[in-house]
Amino acid sequence: MLVRLLYASRAVDTRAETIESILAQSRQFNPSSGITGILCYGGGIFLQAIEGGRNAVSDLYGHIQKDVRHKDVVLLHYEEISERRFGGWTMGQVDASRVNTNILLKYSERAELDPYSVSGKVSLALLEELMATASIIGRA
């Protein structure tokens, strides 16, 4: 059974090399677990969608909740799915500081990434638009 989980968290360490290490670790370990997804990062905030088998996604989310690189981890959306939306990425990446501000403003009060102030469905719609506008990099 496939599921999609969307969560937000705040980075404890906002240095570029820390973000890169999170992405590298995801790209290394996700394929063997059947996990795909995207990570959007901006202003010290992560917005991540992960897809895969129910047990694998649940295990990964549990690990993220305990990961010292994340704080304020919040589950935004969880659903059973019939197919993946982000299946082309072991872990795609979006740098929110490089996204057209009109896209961010379309989904929130300000032109900044803030999944804590919108619903999970709105955050998922934002990720889908970022995918449609080719804002996601790191295809693997």
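Colleague: Which residues line the largest cavity?
Modeller: In this predicted model, the largest cavity is lined by Leu47, Leu104, Tyr107, Ser108, Glu112, Leu113, Asp114, Pro115, Val118, Val122, Ser123 and Leu126. On a 1 Å grid over the protein atoms alone, a cavity is a set of points where a 1.4 Å probe fits but cannot get out, and lining residues have an atom within 4 Å of a point.

Colleague: What is the volume of the largest cavity?
Modeller: About 80 Å³. A volume is the space filled by probe spheres set on the points, which are joined across faces, edges and corners. The search of the whole structure finds one cavity of 30 Å³ or more.

Colleague: Which helix gives the most to that lining?
Modeller: α4, with three residues. Both α3 (101-107) and α4 (120-132) supply at least two residues each. Helices are DSSP runs of H or I, at least four residues, numbered from the N terminus.

Colleague: Now the largest pocket. What is its volume?
Modeller: About 310 Å³. Of the 17 residues lining the largest pocket, Ser26, Phe29, Asn30, Leu60 and His63 are the closest to its centre. A pocket is an open set of points with protein on both sides within 12 Å along at least five of seven lines.

Colleague: Which helix gives the most there?
Modeller: α1, with six residues. α1 (16-33) and α2 (54-66) each supply at least two.

Conventions: Residues numbered from 1 in each chain as written. Predicted model: local features only at pLDDT ≥ 70, side-chain atom pairs only at ≥ 80, totals over all residues. Heavy atoms only, no water.
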